Amino acid sequence: MKFISHQGDDCHTFFRDYLAADRRGLLIGTLGFNDLCLHFPTVLASFDNVDFLFLVEDRPEVSEVLRQAAERNREVLLQRLTGRKVVFQTIEIVADDTANVAGRRAAAACMKPMGDGYTDIFVDASSMSRGVCFPIAKQAHELAKRAGGAHAHVLVAGRTTSAVQAQGMSSDAPQYIHGFQADMGTEDVRTAIKLWIPQLSEGYVVSLSRIQRVLRPEESCPLLPFPSSDPRRADQLLKEFQEPLLNDWDVNLRDIIYAHETDPMDVCETITRIHCSRNDAFRAATRREARTVLSPAGTRIGSVGMLLAALRLELPIMYEESIGYTSDHVAVPPISEAPPEHVWHIWLSPSSPP
């Protein structure tokens, strides 16, 4: 499967040239506490043939200042999209029995809008959680494969430094993202040799270690961000993860993967190369099946690279959902005046573009 990508100002050029009057687009974003959720809606507000659906992720434990930031962002969106078709849809992330229902609820909420005669679906991953974003992107991708289905696009914007500092509270329950289990857990892969590729990020030692204990992979190839805005970030992560890497995960340091911090295509192509080479080697040398499992846990842009690889290769993704967010802010941070430093558009193109 091929992807058509645009970066930075090329994204704006693409929208200008592509969104002609005969096309009808739907942007599916989220109402987040981070002002990144405002970027692409603001860009696409200049096109009268684009409608907007914003998912409001409802978690049981969120700091009041973060709720206030999200409400501020709602007011800004309504102001910038005055006169446009705008829908806000609340998505329950955790059910009353503490079950993770994020992906299923999001997919159900988007099913009808996606089939409402649109030619293009734009999934804005900038501030959308992985448990919501990934199933929706796959849903749009599957729709694009059908005759007459809307074309699927993924959008993501990122900053080197965020104005809103928040800490996620993990569910402590590793599981596969809705729609990304593949054949894991079936008899077909009972004896498969599993390769685990976790995306290393600050503060995720405990969470990723839980995933490793559940998955019990035979091989682990952690993914580190390099190049990075901080040239020492990869070294600092190696120091933070030293104990699990060398002892619990039994990682050969030569197997560590490096991929660009702000280039999802680099992440995707790196995983694709490793997965395909490994599969070819196992087919030639053994009768046992080989499987690759991904675990995104870092920046949103890098996580989108894992999403692209999973869509292309039908890979399973195991993660832990956040049940809430806390913050040390005492007041809502102002909206950033500067545009995001990193902006990407990826066209999920299973067939030739129109």
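In this predicted model, Arg233 and Glu261 form a salt bridge whose closest N and O atoms are 2.7 Å apart. Arg233 belongs to helix α7 (residues 233–240), whereas Glu261 sits in the loop between β13 (257–259) and α9 (264–285), so the pair ties together parts that are 28 residues apart in sequence. Both partners, Arg233 and Glu261, are buried.

This pair is one of 19 salt bridges that the structure holds, and a few others are worth a look alongside it. Arg210 and Glu320 meet through their side chains in a salt bridge, at 2.7 Å from N to O.

A contrasting setting is found for Asp17, which forms a salt bridge with Arg16, with 3.2 Å between the closest N and O atoms. Asp17 has a relative accessibility of 54% and therefore counts as exposed. Arg16 is likewise exposed, because its relative accessible area is 56% and the cut-off for exposed is over 50%. Salt bridges also join up into a network, which links Glu57, Arg59 and Glu321. As a general point, side chains of opposite charge can pair when their charged atoms come close.

Turning to the strands, seven of them make an open sheet with mixed pairing, in the order β1-β17-β7-β6-β2-β3-β5. The edges of this sheet are β1 (2–7) and β5 (86–92), each of which pairs on one side only. From one strand to the next, the twist averages 20 degrees. In general, strands of a sheet pair through backbone hydrogen bonds, either parallel or antiparallel.

With a relative accessibility of 19%, His342 counts as buried, because the cut-off for buried is under 20%. When neighbours within four places in sequence are left aside, the residues in contact with His342 are Val156, Ala157, Gly158, Arg159, Thr160, Thr262 and Ile301.

Finally, a pair of helices can be described in some detail. Helix α4 (residues 102–114) and helix α5 (residues 130–145) have axes that come within 8 Å and cross at roughly 40 degrees. The two helices, α4 and α5, are therefore oblique to each other, and α4 passes α5 in a right-handed crossing. On the α4 side, the residues that meet α5 are Ala102, Gly103, Ala106, Ala107, Cys110, Met111 and Met114. Their counterparts in α5 are Gly131, Val132, Pro135, Ile136, Gln139, Ala140 and Leu143.

Methods. Residues numbered from 1 in each chain as written. Predicted model: local features only at pLDDT ≥ 70, side-chain atom pairs only at ≥ 80, totals over all residues. Heavy atoms only, no water. Salt bridge = Lys/Arg side-chain N within 4 Å of Asp/Glu carboxyl O. Buried < 20%, exposed > 50% of the residue type's maximum accessible area, 1.4 Å probe, protein only. Helix = DSSP H or I, 4+ residues; strand = E, 2+ residues; numbered from the N terminus. Pairing = 2+ DSSP bridges. Axes fitted to C-alpha atoms, helices over the stretch in contact; angles between N-to-C directions. Parallel < 35°, antiparallel > 145°, perpendicular 65-115°, else oblique. Left-handed = near helix turned anticlockwise from the far one by under 90°. Contact = heavy atoms within 4.5 Å.
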